[in-house]
Amino acid sequence: MTVNEVSQNKVFGGWHKQFSHASSSLKCEMRFAVFLPHNATESHPVPAVYWLSGLTCTDENFMQKAGAFRKASELGIAIIAPDTSPRGELVEDCNDYDLGQGAGFYVNATQKPWSDNYHMYDYVVHELPTLIEKHFPISSVKSIAGHSMGGHGAMMIGLKNPDNYRSISAFSPICHPSEVPWGQKAFTAYLGNNPEAWAEYDSVELLKASRSALPILVDQGDKDCFLTEQLKPDSLIEAAHVHQSEVEVRIQYGYDHSYYFISSYIDEHLQFHSKHLFA
């Protein structure tokens, strides 16, 4: 489990660094980014927020555009940003932006040819945290967050693994992937025509089945062009009511799907996670 440093930049007293490594679960070379606050040392490992990005993104989008480092440094929280899919010439791809490389949907694919590499669920839940905790002054105390496809991933992974995380947050998440075009296309390709398999990766279906053990914060812009067709936050609100799960969905007026929206509220999300990471 070795990592190779790709780049580093000092920022707000801490460090933003990129690394590559050979992934056993994805069977390819992967890149991830880490923000280490100034107080992270071997004798004082810090908690972390794992950030999952959306369609077409890499580790760089959030780290370069969200403006999260000042608040993360102030709070003493690390940020981990993986890529959104396996990568490389030998990894299956698609000409469509919403399938293949850049569109892993954080599932373990069961259908050929995708099942050879597309095990993003295992990578995010198991392989990457083990790697991070081995090589960096970062503790096992963590929360998870994301945007759009990554918001789907963060909610789904947190709901399925409540013992691994302290809290969940999302911006503009794909709330009910089984019922929207993006999710249906990806789930059919990666999981086949199997409604039971789809439900295992659908946050709305998971909330209908049982109460969330973790607090969830969701921000959604009312001017988001994907709101009605692809995101469907109302379905998440209805599912949360089934077992009275602790889910707060905030509709933010005038905001769209972009990083302008994320950068406007990222400090509040980090403060939300901080309450639970340091509890």
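How many disulfides does the structure hold? The structure holds zero disulfides, a disulfide being a pair of cysteine sulfur atoms within 2.5 Å. Welcome to a quick tour of a predicted model, in which local features need pLDDT of at least 70, side-chain atom pairs count only at pLDDT 80 or more, and totals for chains, interfaces and linings use all residues. Residues are numbered from 1 along each chain as its sequence is written, and side-chain values use heavy atoms, with hydrogens and water left out.

- Cys-28 is in no disulfide, and the nearest cysteine sulfur, that of Cys-94, is 17 Å away.
- Cys-28 is buried, with a relative accessible area of 12%; here buried means under 20% relative accessible area, exposed over 50%, and partly exposed in between (1.4 Å probe, protein chains only).
- Cys-94 is likewise in no disulfide, and this residue is partly exposed, with a relative accessible area of 24%.

- Helices (H or I, at least four residues) and strands (E, at least two) are DSSP runs, numbered from the N terminus.
- Strand 1 (residues 4–11) and strand 2 run antiparallel and are joined by seven bridges; two strands pair if DSSP finds at least two bridges between them.
- Within this pairing, Lys-10 has Trp-15 of strand 2 as its bridge partner.
- The hairpin of strand 1 and strand 2 has two residues between the strands, and Phe-12 takes a positive phi near 50° there.
- Strand 2 also runs antiparallel to strand 3 (residues 28–36), with nine bridges joining the two.
- Ala-22 has Glu-29 of strand 3 as its bridge partner.
- Four residues lie between strand 2 and strand 3 in their hairpin, and Lys-27 in the turn has a positive phi of about 60°.
- Strand 2 (residues 14–23) is mostly covered, with eight of its 10 residues buried.

**Salt bridges**

- The structure holds 12 salt bridges, each being a side-chain nitrogen of Lys or Arg within 4 Å of a carboxyl oxygen of Asp or Glu.
- One of them joins Arg-31 to Asp-59, with the closest N and O atoms 2.7 Å apart.
- That pair links distant parts of the chain, 28 residues apart: Arg-31 sits in strand 3, and Asp-59 in the loop between strand 4 (46–52) and helix 1 (60–65).
- Arg-31 is partly exposed, at a relative accessible area of 27%, whereas Asp-59 is buried, at 0%.
- Arg-31, Asp-59 and Glu-60 are linked in a network of salt bridges.
- Another salt bridge connects Arg-87 and Asp-83, whose closest N and O atoms are 2.8 Å apart.
- In this pair, Arg-87 is partly exposed, with a relative accessible area of 24%, and Asp-83 is buried, with 6%.
- Glu-268 and Arg-250 form a salt bridge too, the closest N and O atoms being 2.9 Å apart.
- Here the distant parts of the chain are helix 10 (residues 259–277), which holds Glu-268, and strand 9 (residues 247–252), which holds Arg-250; the two residues are 18 residues apart.
- Glu-268 is partly exposed, with a relative accessible area of 35%.

**Helix 4**

- The 12 residues of helix 4 (residues 149–160) should span 16 Å at 1.5 Å a residue, and the end C-alpha atoms are 17 Å apart, which agrees; the expected span is 1.5 Å times one less than the number of residues.
- Helix 4 is mostly covered, with 11 of its 12 residues buried.
- The buried residues of helix 4 include Met-149, Gly-150, His-152, Ile-157 and Leu-159.
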